[in-house]
Amino acid sequence: MTSTNGTTSTNGTTSTNGTTAAHRAATDRTTSTHRAPPGDVARLALHQFPYDLRAFLRNPQSRFFTLALPVLFLVIFASVFGGHNTVKVPGGTIDTSVYYVPGIIALGIIGASFVNLVISVTAQREAGVLKRRRATPVPAASVIAGRALTAVVVAVVITTLLLVIGWALYGAHIPARTAPAMAVTVVLGALSFCCLGYALASVIRNEDAAQPVTQAVMLPLYFISGVFIASSVLPRWLVDIANVFPVHHLVAALLTAYNPHTTGAGFAWTDLLIVAAWGLGGLLIALRRFSWLPRGG
Amino acid sequence: MTRAGTTEDVVIRVCGLRMRYGPFEAVRGVDLEVRRGEIFAFLGPNGAGKTTTVEILEGYRRRTAGEVSVLGEDPQRAGPAWRARIGVVLQESQPERDLTVAECVRLYAGYYPAPRPVGEVLELVGLAEQADSTATRLSGGQRRRLDVALSLVGDPELLFLDEPTTGFDPSARRAAWDMIAGLRSLGVTVFLTTHFMDEAEHLADRVTVIADGLIVAEGTPETIGGRERAAAEIRFSLPPGTALADLPAPVLAALADGEGDGARLLLRADRPLTVLGPLAGWAESLGHDLLDLEVRRPSLEDVYLALTANEREAAA
């Protein structure tokens, strides 16, 4: 009611057991001034990578949500909405079933590099796994790059799988001249969403929150970004909202590389730039906030 | 018996260490010295500042004030070469998910410049038979062994064990003690935190007790807190048909008043034989045996509880 109320809130965050903001600020800031040589970072990232990949492949949840679900989505959406329907795309029209291939590839990339990464990194942090690794000489960059490499490799695998299904079931194939654009878009998309994944993991308090938070972020974006429903049939204002976020631009870039009407090499530079900018933003947040220690939320 | 305290022999040196979280000071001026090759036990109740201190020594936290040197370097500025020389077993950490025991150890071996052979490390911690088991399927005791394996695979000079046997059943604790005692033969210096007195007594060369952020005692398990000089406690029941007044004078003089419950008496004596001699002669002359006679020194736990209780009162 009076202005005196405004002065009491700042010091209200402390407690005797120390699990507070002040506490956290005092911890985990011991970033070493010793930088490991780049050769060591790369060598240790390559050492880390096969273990992360193996752990990914052995985990039934990872296998289902990251590998099986996109395949299931492609088959279901293409079957339900495909048939003789077509979708308007730049340069002409394509079968709806073909249209779904790049959209579901985007979902596959995001599943591998964002959703799965957020969940597994949060779980590792809360279980003390990252903290234990921090006590060893392994550089932070190696742990992060090794995990990101797993995400990129899985994204490439799921993309290949979906392209093969699109070709075998719906007769769609990417022109050879846009294949490099497809490859670049997949890798750049996967790397950008890895960075966004590390940024999101750094603000999620615990493992239980990781799954719902990633889905709450991504599901609405899938619906308005042309993954499940073609952007050409969505209301303008929804597309305008989607335009702000990277999912829409990843889908657009993949569609450009995949669209048989595309002329030229198929690089959607503007979309790629926006995806990369989001990735860079994510990287900056991750670098500032990434924590090796459990947050214990 | 005692080791020379020369500088090369000192692995950890801490001077005036302070750690403040907001208005709460968890560590309030701690001095420590750990020598090469010893098992050093750091005792204290929960919340006394044990884990905070250890995590500063391990390089996880930045201290508020004080000097800290671990293996000749300041942990908060030390790099990968320093980390390669230490091993850390955290109070709480779970195994790497979806990897086998051997894969976990191989992963960690790859982090170090000169690791021990994986098979040798698994032998050492007694997990050779579980090498191909998924790490998350291990029992609590086995998981802790895996933690120790991961901390040893880099061939450290100094090993931090933060409450390594909390939550263990007695047989698992015994097995863990044997394993830790075995590290001595590897020449590893061990910094052990625990709140189990028997653990410190069983394993440690030297013990330091922290309470409310301050060191309240240090010494060997036998001498800490003046334990070796403390009065012995003598308990026995009066034989049937005798009364208190019948006891010989030296025995009566040692009677700790108000502490005899019913017929059972408690005596305290700095030199127990001066009491036990007359007592035994007296009982024998009457044709009695003292069936429940008990003589004991204060246990490490008694000393510890007294030390930490004093500190709590002083703080209150």
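This is a predicted model: local features need pLDDT of at least 70, side-chain atom pairs count only at pLDDT 80 or more; totals for chains, interfaces and linings use all residues.
Okay, quick word on terms before we start: UniProt positions are given here in the numbering we use, feature names are shortened, and annotations may be inferred rather than shown by experiment. With that in mind, the UniProt record, an unreviewed entry, puts the annotation "domain: ABC transporter" on residues 12-237 of chain B.

Residues are numbered from 1 along each chain as its sequence is written, chains are lettered from A and ligands numbered from 1 in the order in which they are written, and side-chain values use heavy atoms, leaving out hydrogens and water.

Back to that annotated stretch. Residues 12-237 of chain B are 28% helix and 29% strand, and the end C-alpha atoms sit 50 Å apart. Helices here are DSSP runs of H or I with at least four residues, strands are E runs of at least two, and both are numbered from the N terminus. Over in chain A, the unreviewed UniProt entry marks residues 61-293 as "domain: ABC transmembrane type-2". That span is 75% helix and 3% strand, with its end C-alpha atoms 24 Å apart.

So what does chain B look like as a whole? Chain B has 10 helices and 12 strands, and its C-alpha trace spans about 75 × 45 × 35 Å along the principal axes. Of its 316 residues, 51% count as buried, meaning under 20% relative accessible area, with exposed being over 50% and partly exposed in between (1.4 Å probe, protein chains only).

Let me finish with one residue, Asp270(B). Where is it? Asp270(B) is in the loop between strand S11 (264-269) and helix H9 (273-285) of chain B. Is Asp270(B) buried or exposed? Asp270(B) is exposed, at 58% relative accessible area. And which residues does Asp270(B) touch, if we skip those up to four places away in sequence? Arg229(B), Ala231(B) and Arg297(B), where a contact means heavy atoms within 4.5 Å. Take Ala231(B): 39 residues separate Ala231(B) from Asp270(B) in sequence, yet their C-alpha atoms are 4.2 Å apart in space.
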